[in-house]
Amino acid sequence: MAVQARTDPETIKDAFALYLKYNGGRFELIEEEMHRLGWASFRKQILFDKGKGKNERMGWITRFGWENALKLHVASAGTAAETSAESLLAENEFIRKAAYMEIAAGGVRASKDLIYQHNTYTQNCIKILDKLEAARDNYANFIYFLQWLTKWAPQISPELATAIADAEDALLDRAEKEFVIEEEKPEDV
């Protein structure tokens, strides 16, 4: 079995930044910019999967999970984080992903400290996501949403406004069951 040469993690970081910059396309421009950045041996083909079966080789896009990062990038492009918690999550995600790319590039030779750092940032992201979800999915936010829906409904459709008014008590009862009881449950030990 042939031994793969280790790729400089900076090469991967630069290629990833350009992949995001060009929204997962414009591969000729990615290659040109990589050359301008000093990565003369970089070829766009390294980004793509090749071969089948035992001859299959994952490209960087698949190997490093860039498709998901691109979806997140596109979804958040042009929008600032709404809260400091969302900003904190974005910072932790960025560092976690950068550490992962270095680990993936280094393979079994990746430093234990880098792996520890990746694990720490992964745990941070999980905790922040849990807190964001708990802050978002609660009874108070449902009531806030329902108030706006009630305001907008007559402008959208008189039938919708009537249906919401008729169902308001049932909606509030259901929301209490979904959110209030969930919030009162003690945490698992």
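Colleague: What is the relative accessible area of Trp 148, and how does the residue count?

Modeller: Trp 148 has a relative accessible area of 33%, so Trp 148 is partly exposed. (Buried is under 20%, exposed over 50%, partly exposed in between, with a 1.4 Å probe and protein chains only.) This is a predicted model: local features need pLDDT of at least 70, side-chain atom pairs need 80 or more, and totals for chains, interfaces and linings use all residues. Numbering runs from 1 along each chain as its sequence is written, and side-chain values use heavy atoms, without hydrogens and water.

Colleague: How many aromatic pairs does the structure hold?

Modeller: The structure holds 10 aromatic pairs. (Phe, Tyr and Trp rings, the six-membered one for Trp, pair with centres within 6.5 Å; planes under 30 degrees apart are stacked, over 60 edge-to-face, the rest tilted.) Take Phe 27 and Phe 48: their ring centres are 4.7 Å apart and their planes at 75°, so this pair is edge-to-face.

Colleague: Which parts does the pair of Phe 27 and Phe 48 tie together?

Modeller: Phe 27 lies in helix 2 (residues 27-36) and Phe 48 in the loop between helix 2 and helix 3 (60-63), so the pair ties together parts 21 residues apart in sequence. (Helices are DSSP runs of H or I, at least four residues; strands are E, at least two; both are numbered from the N terminus.) Phe 27 is buried at 17% relative accessible area. Phe 48, at 31%, is partly exposed.

Colleague: And Trp 148, what does its ring pair with?

Modeller: Tyr 144. The two rings are edge-to-face, 6.3 Å centre to centre, with 75° between the planes. Both residues sit in helix 7 (residues 139-156), four residues apart, about one turn of the helix. Elsewhere, ring pairs link Phe 16, Tyr 19, Phe 42, Trp 60, Phe 64 and Trp 66 into a cluster.

Colleague: How do I read helix packing?

Modeller: Two packed helices are described by the angle between their axes and the distance between the axes. Helix 1 (residues 9-21) and helix 5 (residues 84-106) pack at about 130°, with axes 9 Å apart. (Axes are fitted to C-alpha atoms over the stretch in contact; angles run from 0 to 180 degrees between N-to-C directions.) Helix 1 and helix 5 are therefore oblique to each other. (Under 35 degrees is roughly parallel, over 145 roughly antiparallel, 65 to 115 roughly perpendicular, the rest oblique.)

Colleague: What about helix 1 and helix 2, at what angle do they pack?

Modeller: About 140°, with their axes 10 Å apart. Helix 1 and helix 2 are therefore oblique too.
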